[in-house]
Amino acid sequence: SICLWQMAINNIMSHWSRSNSENPTAQVTAKEALLSLVQGTEGKAWSASQSGWSSGSPLSVCQWEGITCKIGFNDSLSKVTSIRLPNAGLSGTIPTELGQLTYLEEFNLKGNLIRGSIPSELANLKQLNHLDLSDCLLTGTLPNRFESSTLSMLLLNENGLSGHFFNDETSPHLTSIQEIRLENNLLTGTIHSPTILQMGNLNTLSLSQNEISGVIPGYALGSLSNLEYLYLDSNNLVGPLPANLAQAGKSKIKELWVQSNALSGTVPATYERFDKLTDFFIDDNRLTGALTPNLCGPEINADFFNLIPDDAEEKNYCDHIACPAGSVGAEGVYPCSSCVGGDAAKLQNPYLGLRGACLHLTQRDALITLYEATSGNRSWTGDGDWDEFAAAFSGEGWTGGNDSVDESKMICALSGVSCDGHRNVIGISLRNRNLEGSIPWEIGLGLPFLEVLDLSDNYLTGYLPSDLRWTALTKLDISGNQIRGVVPPLLCMIGELNANGDEDVFYCNRVAFPTGS
C-alpha cells in the first residue's frame, strides 16, 4: 500500500509538472512576481537597501522586508498574503505580474513614488482585503470593479485618478467594503445611488476635492446604517441637502463635510437626528434660511470655541456651523462679521457660511465679471465695446460702488444688452460670440431684473450656477456649449422659465438638456 501511495504522489507531481510546463503563466513564481516591483536603476538602488528583494537572496520571500506569507511545507508551497511597504521610497509602476499572487490579502504601497494606472490584474485578485495606494502618483481611470468579496479597505486618496465613482452595482467588493477614501483625485460624474445601496457595511466614504457633480443621493446614503463618516466637500454638487440623509433609526453620522459645493435650499430639520454629530461643515455653498437651534450645540465643531470662555455672551453655537445670512467669516464660520446695511445687506448676502468679504454687486460688477470669466484664451467676436467697457471700469483703479448715470448709459449701450426704462439690464444675448470659460455666479445676484440670457453656441464649460434663481429669467439658452453636470433643482422650479411650470408641472429639461443629450 505504501508503494501505491508513492505512485499516486508521483503521478500527481508529474501531472503538476506537465501542467506548469504547458502553461507559461503558471511558471511565474512568487519571487518573480515580487521582483517585478523592482524597476530600473532606482529600483535596484532601493532593493539593495532592503532585506531580501533580489534574485540572489538566500532568504525565503516570506522573510523579505514587508512580506507576510501563509507558510506551507516548503518555500514553494508558501503563499504571499501581504505586501506592506508604506513610505519605503519605492519608485515605479504596479506590475501586472502581481496578479499571480492569488492569495494576496493586503497590498500597501502608501506614500511611494508609484506612477501609472491600477492594472486590472490587481483589481481582479479575489482574496484582497486591504488596498492602500494613497499618496502616490497614480493616474489613469479608477477601476469600476474589484473582484474580491472580502475587500474592506480601499484607500486611493491623494492621487491623480480620473473616471467615475463606482457605478457597477454587481461589483463583488460593494457588499464587504467598509472604508473608501478617494479624496484629492480627479473623479467626475455623479454618485450612483444603486451602487451606494449595495454598500451595507460602509462606515467611511471620502470623495472630497474631486470634480463630482449632480445631487447628493440622500435616500441611498441615508439607508446605510453603518455610515459614520461622510466627506463630500470641495466638489460640484448641486441641489439641496437631502432630508432623507437622516432617516429614523439609521442616523449614525458623526462627521458630515459638504462645504465648498454649490448646494442650495435650506438645512433640513431632520438633521437633528444626527445625535452623534461632532463635525458638520456646510459653508461656502448656496444654502439659505437659518439653522434649526436644536442642531447647534457645544459638541459640534467644538474646536472653533476652544479659546472662548463657556460663559461668554458672544458665543453662538450656530456660528461654528456657518455664519448666518447677512454676515461673513474668513472661513465662513465663527468668528462672523455682520454686513453693513441691515436687511438690505441680507438680500445681497443671502447665503449661509459666506467666506471673505460682504457682497455688494451692481450691474457693472456682474457684467465685468461675465466678460472676464468668459474671455479665456479667445477674443470675443463682434463689436469691441465690451473690451472698452471692461477696460474703463475694471482693474486696480476701480473700487466698485453704485452705477452712475453715465455708467448705466454705457451698460445699456453694450452690444447684446437690453435694458428697461429704468436702465435695469433685462436681457443679455451673446450667441456665437466666441465666449470661453464658465458662467459666473455673480450674474444671479448682480442682475436681479434679468429676463433673457442667451449664451448659446459658444465654448463655455463648467456648471450652470444655481444663483440664476435670484434673477427674473423667463428665457435661458446655453445650448451649443460644453457645460457639464445637471441643472440645479431650484432652477427647475422657476415658473415661466423656458415655458416651465405650465399647469404646475416643472421639468429640468425645459431649462437645459442634461449632459450627453
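Begin by selecting Cys-296 and Cys-318: the torsion about their S-S bond is about 100°, so this disulfide is right-handed. A disulfide here is a pair of cysteine sulfur atoms within 2.5 Å. In this pair the two sulfur atoms lie 2.0 Å apart.

The model is predicted, so local features need pLDDT of at least 70 and side-chain atom pairs count only at pLDDT 80 or more, while totals for chains, interfaces and linings use all residues. Residues are numbered from 1 along each chain as its sequence is written, and side-chain values use heavy atoms, with hydrogens and water left out.

**The setting of the first pair**

Return to the link that joins Cys-296 and Cys-318, with sulfur atoms 2.0 Å apart. Both cysteines lie in the loop between strand 17 (286-287) and strand 18 (327-329), so the pair ties together parts that are 22 residues apart in sequence. Strands (E, at least two residues) and helices (H or I, at least four) are DSSP runs, numbered from the N terminus.

Now colour the pair by solvent accessibility. Cys-296 has 13% relative accessibility and counts as buried; Cys-318, at 17%, also counts as buried. The classes are buried (under 20% relative accessible area), exposed (over 50%) and partly exposed (in between), calculated with a 1.4 Å probe on protein chains only.

**The second pair**

Next, select Cys-323 and Cys-336, which are joined by a disulfide with an S to S distance of 2.1 Å. Which hand does this link have? With -90° about the S-S bond, the link of Cys-323 and Cys-336 is left-handed. Cys-323 lies in the loop between strand 17 and strand 18, and Cys-336 in strand 19 (residues 336-338), so the pair ties together parts that are 13 residues apart in sequence.

Is Cys-323 buried or exposed? At 0% relative accessibility, Cys-323 counts as buried, whereas Cys-336, at 23%, counts as partly exposed.

**The third pair**

Move on to Cys-412 and Cys-419, which form a disulfide with their sulfur atoms 2.2 Å apart. The torsion about the S-S bond of Cys-412 and Cys-419 is about -100°, so this disulfide is left-handed. Cys-412 is partly exposed, with a relative accessible area of 23%, and Cys-419 is partly exposed, with a relative accessible area of 23%.

**Last selections**

Select Cys-136, which has 6% relative accessibility and counts as buried.
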